[in-house]
Amino acid sequence: MAIPVIDFSKLNGDERSKTLAQIANCCQDWGFFQLINHGISEDLLERVKKVSSECYEFEREPGFKNSKPVNLLKELVEKKSDESLVEKVDWEDVFLLSDDNHDEWPSKTPGFKETMKEYRAELKNLAIKVMEAMDENLGLPKGYINKAFNGGEEEEEENSAFFGTKVSHYPPCPHPDKVNGLRAHTDAGGVILLFQDDVVNGLQILKDGVWIDVQPIQNAIVINTGDQIEVLSNGKYKSVWHRVLALPEGNRRSIASFYNPSYKATIEPAKELVLAEKKLNVENSAKYPKFVFGDYMSVYAEQKFFPKEPRFLQAVKAV
Ligand code: OGA
Ligand code: NI
């Protein structure tokens, strides 16, 4: 089984309604899909790959060699214990880029900052287009999701949605059966756009109780929806469990950009969708409570790798 692939350019032509229907089906049944012909130039993507790999080699690899996962795995193996797994760490090197931390971005790799700035601007636009397709598929006014993420405003400085980019590498692992690349979780936020390695696999999603690979496709962008889209859509678009395996060969690069609500935004099921349920005489027509996203993130920080269901109510209690 493979993750569905959508030609995003067809959204603007004769096949618009068919493409929208494909996206709707992916959001409902998969929670993950891959976009090709998404409008981001091959040239830019090639440059992103280049500067990310160079950055890893020049600025990150020395640190990874002496990192917590490496040391814990070494200890476990050297003790030759039957302890089967290194718990509570992931076999990854990761750092975050956002508009708020420009001065912490890697600065020694030529072209890194400029390229990633350009890339993030393009990806942010793509995120907005993807959210608009979701608005339309859900029967919500255009811009609904983005507005909700911006605290109900069109776009306001103070309360604006957060766009972050996580640059990760999953280096080859000498004992891949004893540690996870990234432990299984659902994503907390809104829409995630992942530019994964062209050849090294490792990312898997849980589909109908079975882990399946997100097959690498050169220069595709993988889309998935987080817990906040699940809430806004009143459970129609479920956030899906995924994980990254540690592997003995290859250094997997993965650049995940996430479009999240402002920490101050109030998140709740869209009124239109709750009303539609009510008309069908469904009891408890709102399937999720209302909470402030920042409170949800406080809960998530403690419980990322646990079942998601209790988190929603706990976020309410934290208000
Ligand atoms: C994440 C994630 C997958 C990857 O950062 O939440 O699931 O391939 N990343 O790095
Ligand atoms: Ni994730």
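This talk covers a metal site and a sheet in one structure.

The model is predicted, so local features need pLDDT of at least 70, side-chain atom pairs count only at pLDDT 80 or more, and totals for chains, interfaces and linings use all residues. Residues are numbered from 1 along each chain as its sequence is written, chains are lettered from A and ligands numbered from 1 in the order in which they are written, and side-chain values use heavy atoms, with hydrogens and water left out.

Start with the nickel ion, ligand 2. Its protein donors are His185 (NE2), Asp187 (OD) and His242 (NE2), at 2.0 to 2.1 Å. Donors here are N, O and S atoms within 2.8 Å of the metal (3.2 Å for Na, K and Ca); water is not among the atoms, so sites may look incomplete. Along the chain, the donor spacing reads H-x1-D-x54-H. Asp187 sits in the loop between strand S5 (180-185) and strand S6 (191-196), and His242 in strand S10 (residues 242-245), so the pair ties together parts 55 residues apart in sequence. Strands are DSSP runs of E, at least two residues, numbered from the N terminus.

Are these two buried or exposed? Asp187 is buried at 13% relative accessible area, and His242 is buried at 7%. Buried means under 20% relative accessible area, with a 1.4 Å probe and protein chains only.

Now the sheet. Four strands form an open sheet in the order S5-S10-S7-S8, with antiparallel pairing; pairing requires at least two DSSP bridges between two strands. S5 and strand S8 (210-213) are at the edges with a single partner strand each, so one side of each lacks a neighbour in the sheet. Strand S7 (residues 203-207) pairs with S8 over 4 bridges, and Lys207 has Val210 in S8 as its bridge partner.

Terms used:
Buried means under 20% relative accessible area, exposed over 50%, partly exposed in between (1.4 Å probe, protein chains only).
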